[in-house]
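Here is a short briefing on one helix and on the aromatic rings. Please keep the structure open while you read.

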Amino acid sequence: MTTSTSPRRARHCCFRPPQEANDYSLFLRRWVRSPARMGAIAPSSRHLAEAVCAPVPERGEPVVVELGAGTGPFTAEIQRRLGGRGRHLAVEIDPLLAQRLRDRHPGAEVIQRDAVHLRHLLDERGIESADVVVSGLPWALFPTAVRHRLMDATSAVLAPAGAFTAFTYLHAVPLSPARRFRGLLAEHFEEVVPSRTIWRNTPPAFVLHARRPRP
């Protein structure tokens, strides 16, 4: 017995919402231009965004810093969780992506700068420390010196009970850059816990939750 897919179902399977399609196209163009900076060929899924942004507090007035905001999947989730509370600084080095973030997420303070200057960026805005730092940066692709500068900058701005989250792709786990990144997290934080695998992402990924930066 054979089955056939109706035209309606075929169109539904291939349908991509206009905003998502635009984000994908923009992301792909920026990746072609600078693959090392982007790190992936597609924006992170809603499922990955939910896992990465889980440490954002549900109460109070937290300061949340986002590194490598890209097309904004984490930005949208952070804004949803904050619901107008606290402050949300979204750092994005690409000028085109930064402008799109400003247009789409007026509640976030979008900063077009390199994340290695994080301490200075917070000082400019009168912010002593961050409660959560959410990262969309491709850590494993950075040279060792850059990776260390970024991690030093990140851990230096976190509050003593602060949380840092980053993600890594499942296929990269056995590779040496990913292992070195895990080691770097262990050097800078007292606790590092991986999440379950996020299969509904392209490619599958998991999140690293780091807490309590070491002095």
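The notes below cover a helix first, then the aromatic pairs.

This is a predicted model: local features need pLDDT of at least 70, side-chain atom pairs count only at pLDDT 80 or more, and totals for chains, interfaces and linings use all residues. Residues are numbered from 1 along each chain as its sequence is written, and side-chain values use heavy atoms, with hydrogens and water left out.

**Helix α6**
- Helix α6 spans residues 95–104 (helices are DSSP runs of H or I, at least four residues; strands are runs of E, at least two; both are numbered from the N terminus).
- Leu97, Ala98 and Leu101 are buried in α6 (buried is under 20% relative accessible area, exposed over 50%, partly exposed in between, with a 1.4 Å probe and protein chains only).
- Down the axis of α6, the buried residues fall within an arc of 100°, so they line one face (the arc is that of the directions from the helix axis to the C-beta atoms).

**Aromatic pairs**
- The whole structure holds five aromatic pairs (rings of Phe, Tyr and Trp, its six-membered ring, with centres within 6.5 Å; planes under 30 degrees apart are stacked, over 60 edge-to-face, the rest tilted).
- Trp139 and Phe181 are stacked, because their ring centres lie 5.1 Å apart and their planes meet at 25°.
- This pair links distant parts of the chain, 42 residues apart: Trp139 sits in the loop between β4 (130–135) and α8 (144–157), Phe181 in helix α9 (residues 176–188).
- Trp139 is buried at 2% relative accessibility, and Phe181 is buried at 4%.
- Phe167 and Tyr169 pair edge-to-face, 5.5 Å centre to centre with 70° between the planes; both are buried.
- One aromatic cluster is formed by Trp139, Phe164, Phe181 and Phe189.
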